[in-house]
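Let's take a walk through this structure together, one piece at a time. Keep the 3D view open and turn it as you read.

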There are 2 protein chains.
Amino acid sequence: MPKRQTTEQAFLAQYDRDRYAKPAVMVDVVIFTVRDERLKVLLVKRGEHPFRGQWALPGGAVHVDPDSAAGFDRTLEAAALRELYEETGVKSPYLEQLKTYGSAERDPRDWTVSVAYFALISSDRIELRHGTDAAEARWFTVQKLGVKHRLAFDHKTILADAITRLRAKVEYTAVAVHLLPEEFTLTELQHMYELLLQATLDKSAFRRRVKEANMLEPVKGKRREGQFRPAQLYRFARRADMDLFFPRSLVRYAK
Amino acid sequence: MPKRQTTEQAFLAQYDRDRYAKPAVMVDVVIFTVRDERLKVLLVKRGEHPFRGQWALPGGAVHVDPDSAAGFDRTLEAAALRELYEETGVKSPYLEQLKTYGSAERDPRDWTVSVAYFALISSDRIELRHGTDAAEARWFTVQKLGVKHRLAFDHKTILADAITRLRAKVEYTAVAVHLLPEEFTLTELQHMYELLLQATLDKSAFRRRVKEANMLEPVKGKRREGQFRPAQLYRFARRADMDLFFPRSLVRYAK
DNA sequence: GTAATAGTGTCTCTTAGACAATATGCC
DNA sequence: GGCATATTGTCTAAGAGACACTATTAC
C-alpha cells in the first residue's frame, strides 16, 4: 500500500527538470606553479570546435548525471578537483573559487556559465598527464596579466582576473607557501614573495613579519644543508584563520 | 545559393544543446541596507515548493531563452540586476559577485548552481515592490552572521558568507559609502563605519585616513544644516581604483 | 681563517591613535 | 555669549624599513 504523499513530495515527483531552457555549466581551473624562477600557468590545446587548436584553461562540463560513465560530480569544487587531478596528478592543491562568468555570447554553442577556480601547486608535486583527453598540455610563463598567446573563449579575461587576485593575495596573505614544497627555508619563502611581487624585500623585516604572523612552524631538527651555514626548515602551520598575513585594519580589536 | 560552411560552422549547426544533462542555474542576491541604526537584509517568503512558506534570498533562474515572455538575461550580472530591481526598484546598486554554490543536494529538485551576488543600497533609494511575484518581502536585522529565522536551501550559508565579506571589506575599503545617500557628512560616514564594525573610531584619525585615501570629494557649497555648526557634504569620488581604502601592503612601491 | 649564507639587533622615520584646541552657526 | 557639533593640530607610541652585526657551516 503506497504511503500518502505530502504536497511537497507530490510537487517534487512531478517536477520537470527541463521545463525551462538551461545554460551549460563548465568548470575552468587556472593552475599556477613556479618553475625556473617564473610564475607559470597550465594551458591545454583544444581538440574540438569551437576554438579548435587554440590554447585554453583546463576545464569542462560539470557531470551532473549520476548514471554517466564519465563520472559524477557531487559539487562544483569536486568538479574542479577532478579537472585538476586529471591534468596534473595533484590531489590536494590549494584551490579557491575565483569568479563565475556567464553570458549568452561567451561560447558560440550556448548560453554558458563557467565557474572559474584558481589553484596553486608546488612544482615538485606535478606529474603532467600527457595524453589525458588526448590534448596537449603545457606550462606558459605569466607576463604581466597574461600569456603570449591568444586564448579560447574569454579565458584571457579569466586568466587576468586570476593573476590579479593572486598578486593581491600575496601582498597580505600567506598563500605563497602553497607554491613551495612542504618544507622550506625562510630565505626560500622570501625569494618566492620577491618573485611574485617583483620587489626586493628586507630580510630582517620580512622575517619579523612572518614570525609575528605566526603561520609557520619550524620542523624540528631538520635543516637545509648546503655549501654554507644550513638553514632551519619550516612548514606551513595549518590553523583556522591562518590565511591573513599582515593584519592591518581600520579597527584595533580589544584583547 | 548557400555559402559553403566551414567545419566550425557545420559543427555548431549540428551541436545539440541538450546532449548532456545540465544543472539548473539560479541567481540569488543578498541585498543589504542600513535602517534604524541596524544592518538589514532583504528576504522574501517562498510561495512554492520546495521550502514553501520559508524565508529565502531573492533570486531565481537565469533567463536564457531569448523567446521567453519572462525576459532574457544577457549576462549573469544582468540577471542579478533584474532580480534586485524587481524587489527594490533600485537600478544602480553597488553590486558584487559573492560566490557560486553548486551541488547535487542543495535543491531537492535538481543538481543546482546558484551564483550569489551581494548588493549595498542606501535606504533612501528603496521602494519595496509589494506584490511583485506575489511574494512577501521584508527587511531582517542582521545579528552576528545571520538572521533569527530558518532560511530555505543553503541560504543561511550564503548569507553568512555575505556578511563575512561585507565586514572584511568595510575594514579596508570604502564600500560603506554605498550604504549612505549620494551626499553625506564625514560624521555620518564615521557613524556608518562604527555601526558596521561595532567599534568606536577616533574622529581625527578617521578623517585623516579618509582624506589621505582620496576617495571623497566635497560637494562645493553644500552643507548639512542643523541646530549647530553645519557640516560639509561629501560624495564618493568615482575613479578607477577607488575601492582600496587603507593601502597597507607588504611592498612599498617606488613613486 | 675565509667565504658565504643564516639569523639577530638597533636606529630612525612614518603613521596611527589619543586627546586637546580651535572654528562655526544657531539660539 | 553659550552650546553643541565640525574641523584641525600636536604629542606619543608602535611598527616597519634600513642597515649593520653576529652566528654557523664547509672548505
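Start with one helix. Helix H2 of chain A covers residues 76-88, which makes 13 residues, and from its first C-alpha to its last it reaches 18 Å. That is close to the 18 Å you'd expect at 1.5 Å a residue. Bear in mind as you look that this is a predicted model. Which residues of H2(A) are buried? The list is Leu76(A), Ala79(A), Ala80(A), Leu81(A), Glu83(A), Leu84(A), Glu87(A) and Thr88(A). To count as buried here, a residue needs 20 or more other C-beta atoms within 10 Å of its own.

Now zoom out to the whole of chain A. You can find five helices and ten strands in it. Chain A has 255 residues, and 31% of them count as buried. If you take the contacts in chain A with a separation of 6 or more, 63% of them come from residues 24 or more positions apart.

Next, follow some of those strands. In chain A, three of them make an open sheet in the order E8-E10-E9, and the pairing is antiparallel. Strand E8 (183-184) and strand E9 (216-224) of chain A each have a single partner strand, so one side of each is left without a neighbour in the sheet. E9(A) and E10(A) are joined by five bridges, again in the antiparallel sense. To spot one of these pairs, look for Leu216(A), whose bridge partner in E10(A) is Phe236(A).

Turn to chain B and you can trace an open sheet there too, with three strands in the order E8-E10-E9 and antiparallel pairing. Its edge strands are E8 (183-184) and E9 (216-224) of chain B, each pairing on one side only. What holds E8(B) to strand E10 (residues 231-236) of chain B? Two bridges do, and the strands run antiparallel. Glu183(B) stands opposite Arg235(B) in E10(B), while Phe184(B) has Tyr234(B) as its bridge partner. On to the other pairing: E9(B) and E10(B) are joined by five bridges and run antiparallel. Here Arg224(B) has Ala231(B) as its bridge partner in E10(B). E9(B) and E10(B) form a hairpin, with six residues between them.

So how do the two chains relate to each other? Chain B can be laid on chain A with an RMSD of 0.1 Å, using a turn of 180° and a shift of 0.0 Å along the axis. That's the relation of a two-fold axis.

Let's look at where the chains meet. In this interface, 42 residues of chain B are in contact with 42 residues of chain A. On the chain B side, the elements that supply two or more residues are helix H1 (7-13), strand E1 (24-35), strand E5 (94-107), strand E6 (110-120) and helix H3 (155-172). E5(B) has the largest share, with six residues. Sorted by type, the chain B side has 24 nonpolar, eight polar and ten charged residues. Of the interface residues of chain B, 100% are also interface residues in chain A, so the copies meet through the same surface.

Finally, find the DNA. DNA strand C is surrounded by 21 residues, and the closest are Ser204(A), Gln232(A), Ser204(B), Ala205(B) and Arg229(B). Helix H4 (186-197), helix H5 (203-213) and strand E10 (231-236) of chain A each supply at least two residues of this surface, as does helix H5 (203-213) of chain B. H5(B) gives the most, with four residues. The surface near DNA strand C is made up of six nonpolar, six polar and nine charged residues.

Then move over to DNA strand D, which has 21 residues around it; the closest are Ser204(A), Ala205(A), Arg229(A), Ser204(B) and Gln232(B). The elements giving two or more residues here are H5 of chain A, along with helix H4 (186-197), H5 and E10 of chain B. Which helix gives the most to the surface near DNA strand D? H5(A) does, with four residues. By type, the surface near DNA strand D has seven nonpolar, six polar and eight charged residues.

How values were computed: Residues are numbered from 1 along each chain as its sequence is written. Chains are lettered from A and ligands numbered from 1 in the order in which they are written. This is a predicted model: local features need pLDDT of at least 70, side-chain atom pairs count only at pLDDT 80 or more; totals for chains, interfaces and linings use all residues. A residue is near a molecule or strand if its C-beta atom, placed from the backbone, lies within 6 Å of it. Ala, Val, Leu, Ile, Met, Phe, Trp, Tyr, Cys and Pro count as nonpolar, Asp, Glu, Lys and Arg as charged, and the others, Gly among them, as polar. Two strands pair if DSSP finds at least two bridges between them. Copies are superposed by least squares on the C-alpha atoms of residues with pLDDT of at least 70 in both. Two residues are in contact if their C-beta atoms, placed from the backbone, lie within 7 Å. The expected span of a helix is 1.5 Å times one less than its number of residues. A residue is buried if 20 or more other C-beta atoms lie within 10 Å of its own, exposed if 12 or fewer, and partly exposed in between; C-beta atoms are placed from the backbone.
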